[in-house]
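Open the model in your viewer and keep the sequence panel beside it. The tour goes from the whole chain to a single residue.

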Amino acid sequence: RRWVGDEGTTPVDLQFLAGLPSDSIEALKIGPGIVPASFSFVSHIAPGLRRLYLINTNLSDQALDHVAKLTGLTYLQTFGNSFTDDGVQQLTTLQNVEYLYLEEETLSAGALAFVRALPHLVRLGLQDMPLTEEELADLRAALPGVQVG
């Protein structure tokens, strides 16, 4: 099952996730207009969650504490957040991730140190990251078999 939050004017409190069976949602798209303090409730649905999209939510590294607990994820896409290079290192726990899109203007090449520890990674999307051609070439060399770009 999928749940996509609306982009209405009333912020969505994700606390309702705690009332669902923990394996009931496979894909979750969270957009603008959530109550940031309620993001922790996403970890309740970790057993079933395989795909997570964090789109223009302006979440901080504090949310990454909870994303790191979603160890069943095979797909993660983020953009429009306020993550830091140090904060994303927590994502090394996502050992099943195959598709990782960190499309964040706030990140640099240093943020990508953890991706070498992701054994199933096949695609690394880096749109909006301010990387030089040299940094991209180095990353591609360090991740043979992974589509980087």
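Two residues are in contact when they have heavy atoms within 4.5 Å of each other. This is a predicted model. In the protein chain, 50% of the contacts with a separation of 6 or more are between residues 24 or more positions apart.

The C-alpha trace spans about 45 × 30 × 20 Å along its principal axes. The radius of gyration is 15 Å, which agrees with the value near 15 Å for a compact globule because the chain has 149 residues.

Colour by charge next: the 9 positive and 18 negative charges have mean positions 10 Å apart.

Hide the surface and look inside. Of the 149 residues, 44% count as buried. Nonpolar side chains tend to be buried together in soluble globular proteins. Select F39, L52, V67, V115 and L124: in the largest nonpolar core, which has 44 residues, these touch the most other members. The elements giving two or more residues to this core are β2 (27-30), β3 (51-55), α1 (61-67), β5 (99-103) and α2 (133-142). Among elements, α1 gives the largest share, three residues.

Finish by selecting V67. Which residues is V67 in contact with, leaving aside its neighbours within four places in sequence? They are F39, L52, L54, L73, L76, L91 and L94.

Notes:
Residues are numbered from 1 along each chain as its sequence is written. This is a predicted model: local features need pLDDT of at least 70, side-chain atom pairs count only at pLDDT 80 or more; totals for chains, interfaces and linings use all residues. Side-chain values use heavy atoms; hydrogens and water are left out. The radius of gyration is taken over C-alpha atoms; the globule rule is 2.2 Å times the number of residues to the power 0.38. Buried means under 20% relative accessible area, exposed over 50%, partly exposed in between (1.4 Å probe, protein chains only). Lys and Arg count as positive and Asp and Glu as negative; His and the chain ends are not counted. The place of a charge is taken as NZ of Lys, CZ of Arg, CG of Asp or CD of Glu. A nonpolar core is a set of buried Ala, Val, Leu, Ile, Met, Phe, Trp, Tyr and Cys residues joined through side-chain atoms within 4.5 Å. Helices (H or I, at least four residues) and strands (E, at least two) are DSSP runs, numbered from the N terminus.
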